[in-house]
Amino acid sequence: MNVMPFPRPRRLGKVNVPIVTLAHGGGGKAMKDLIDDVFVEAFDNAALAPLEDQARFDLASIAEFGDRLAFTTDSFVVDPLIFPGGDIGKLAVCGTVNDLAVGGARPLYLSCAVIIEEGVTLDLLRQIARSMAEAAKDAGVQIVTGDTKVVHKGACDKLFITTTGIGAIREGVTLGAHLARPGDTVLVNGLLGDHGAAILCARGDMALETPIESDCAALHGLIDALLAAAPNTRALRDATRGGLATVLNEIAAASETAIEIDETRTPIREEVKGFCEILGLDPLYLANEGKIAAVVPAEEAESALAAMQAHPLGVGSSIIGTVNEGEAGRVTMKTVFGGRRIVDMLVGEQLPRIC
Amino acid sequence: MKYIDEYRDRDKAAVLVKEIEALVADTPLAKERPINIMEVCGGHTHSIFRYGIEGMLPKEVELVHGPGCPVCVLPMGRVDDCVAIAERPDVIFTTFGDAMRVPGSKKSLMQAKADGADIRMVYSPMDALEIARKNPDREVVFFGLGFETTMPSTALTVLQAEREGITNFSVFCNHITIVPTLKAILESPDLNLDAFIGPGHVSMVIGTAPYEFIANFYKKPMVVSGFEPLDVLQSVWMVLKQIKEGRADIENQYARVVPDEGNKAALEAVEKVYELRDFFEWRGLGSIDHSGVKLREAYAHFDAERKFALPNLQVADPAACQCGAVLKGVIKPWRCPLFGTACTPETPLGALMVSSEGSCSAYYQYGGVKAQAGAA
């Protein structure tokens, strides 16, 4: 990428104590050492290295990928920091990459702001930073600027990360929830609810052991394949917090249509189903970190499905429903039992039922 | 999922629906007015909405969603007491998840938590006891809630705490008992019910004998039912068959789980730890004699009500709330003037809007597709 060159190489600072203290947030040498040791070391790119107050890049380096800018931000506060299938660092990269990608953008640059609770170990921080670097490399994006704050014990829960992302939207691609039309087809790229179930299990307070792993993944490659096969795709949403149910409600509301999905075609892992049975949760509302809902015109549905299934992150893709005329904003599901139920927005948090 | 999918088979469901339609066509009562069947238990209400069962039944069959959601019938005054306990700095307050959102007169436990109270969600009272073991310098209070389903686990936890000599654990006991409640419903002058679908989990503990009076004295059929959609559908069929044949019996559809005599070990624990209260206040239904239990004197040191000074105030239900009429099957949820306007799942006024098992909330969230279409 065409990034302004850093004038001369500089020796990176090193932290020689095992834990982060408030001194590392003080703005002095300790902080510089922390940034060097943990972040510059891991992210290792020419735009970050000079540590100016901003990253700088040629507009042309963005414009070669599209004709509009996509810009998004997201904060990550997941507990636990490390969970089966990923960690907060991978999540912070993939989450923002996906927020760009579902707009039809090629993700290019990320920022990374961290808030660290004093007492966190350097080893943990280095591990998370390396994980971010690896996820960024896999996704073909660069982490080019950042910020580090250290707060008193109890002022945050170990580590919070905010990433902001810039991408370029390809010419001719216009995606939006409001563009769904009656007759369109709704698809997902695989098993739903894995991330939410994995996190709930990893917290350990239900004494349930499951092999469920987070589906955390960067989806822009899959979305590229989908858009190539179904160029008139109307809308894409990544089904993160609130799960599939929530994004379908957002699409139905924005497009003033009704959406009906078929429970038998909605892919959910047996383990996730069992997990939800025990706890009285609904998998449609569990978070995903590597799943999208796609709305495509009916005539492009089969080619969209084939393209998604051909991609490693879309092997389990399925056509799950249709967009219809009818009560605007209403999402319904044909149940496995042959009945029909309304799938509404979740009011607050999903709370386990008592009996 | 094995042993579950079998009870969600849509082909079997279609056959049952046909049989139900045939029964209804052959029942004279169904030609005069709809047959009203109350499912007592919130778990059934949940299944009915989750699988869209209402919409599969002929219009002559109406399901009335009863009082069996323990979260929903909790009066505001008791929630205020919870908040008062939870806000003590020395207390860790533990509760089942869906009790977090029940509104008190000033705030819910969720709001109290946001205000700084140490409130933790648990999945079993044994989890609460574990927290007590790990925090010997704090007072750990478990919010005991529910019918006979959850009563034994609270009792066994108290007995375990007694054995271990744990002194920083107590129970805020709000357990309630089903039979006096059914009696109160059956005695209500505006009763509009033809039959009951009986609670499966409660019956697993108490057995089926305690319901005999419903058939013998009130001449209403009851079928104790499982919670999978085929269970519920089959129970509806069994109830309708009784009505058609002019019988009123207590039948057990859920024999794979419910022994007619109940669970002896659970009943012993319950008997040992609790005694009946003279009366207990229910949201929507008012005070019902002998409908709640408290810890016996011998376990007074585990009783949060005796351990802490509580405001213990009665707070009247909001005047416009029709929860009582909905609970008794007199009106459908959407006939309440507050339904979906002042009273929504975000800002529940009435008890039935609180838990996803509450009939108002269930209508609001999952929607009685048939019901709302006919309600305009």
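Here is a short tour of the two chains, one selection at a time.

Before you click, know that this is a predicted model, where local features need pLDDT of at least 70, side-chain atom pairs count only at pLDDT 80 or more, and totals for chains, interfaces and linings use all residues. Residues are numbered from 1 along each chain as its sequence is written, while chains are lettered from A and ligands numbered from 1 in the order in which they are written.

**Stop 1: the sheet in chain B**

Helices (H or I, at least four residues) and strands (E, at least two) are DSSP runs, numbered from the N terminus. Color the strands of chain B and look for an open sheet of 5 strands, in the order β2-β1-β7-β8-β9, with parallel pairing. Two strands pair if DSSP finds at least two bridges between them. At the edges stand β2 (61-68) and β9 (250-252) of chain B, each with a single partner strand, so one side of each has no neighbour in the sheet. From one strand to the next, the twist averages 20°; axes here are lines fitted to C-alpha atoms, for helices over the stretch in contact, and angles run from 0 to 180 degrees between N-to-C directions.

Now zoom in on β8 (residues 222-224) of chain B, which pairs with β9(B) in the parallel sense over 3 bridges. Pick B:M222 and you'll find its bridge partner in β9(B), B:I250.

Next, select helix α3 (residues 42-50) of chain B. This helix lies across β1 (35-41), β2 and β7 (195-198) of chain B, running at about 120° to β1(B).

**Stop 2: where chain B touches chain A**

Keep α3(B) on screen and show both chains. The contact takes 38 residues from chain B and 21 residues from chain A, with two residues in contact if their C-beta atoms, placed from the backbone, lie within 7 Å. On the chain B side, α1 (10-25), α3, β5 (139-146) and α15 (359-366) each supply at least two residues. α3(B) gives the most, with 5 residues. That side of chain B divides into 18 nonpolar, 13 polar and 7 charged residues. Ala, Val, Leu, Ile, Met, Phe, Trp, Tyr, Cys and Pro count as nonpolar, Asp, Glu, Lys and Arg as charged, and the others, Gly among them, as polar.

**Stop 3: B:Q234**

Go to helix α11 (residues 229-245) of chain B and pick B:Q234. It counts as buried because it has 22 C-beta neighbours inside 10 Å. (A residue is buried if 20 or more other C-beta atoms lie within 10 Å of its own, exposed if 12 or fewer, and partly exposed in between; C-beta atoms are placed from the backbone.) Leaving aside neighbours within four places in sequence, B:Q234 is in contact with B:L16 and B:Q253.

**Stop 4: helix α8 in chain A**

Switch to chain A and select α8 (residues 270-279), where A:V272, A:F275 and A:C276 are buried. Seen down the axis of α8(A), the buried residues fall within an arc of 95°, so they line one face of the helix; that arc is taken from the directions from the helix axis to the C-beta atoms. On the other side of α8(A), A:E270, A:E277 and A:I278 are exposed. Just after α8(A), click A:G280, which takes a positive phi of about 70°.
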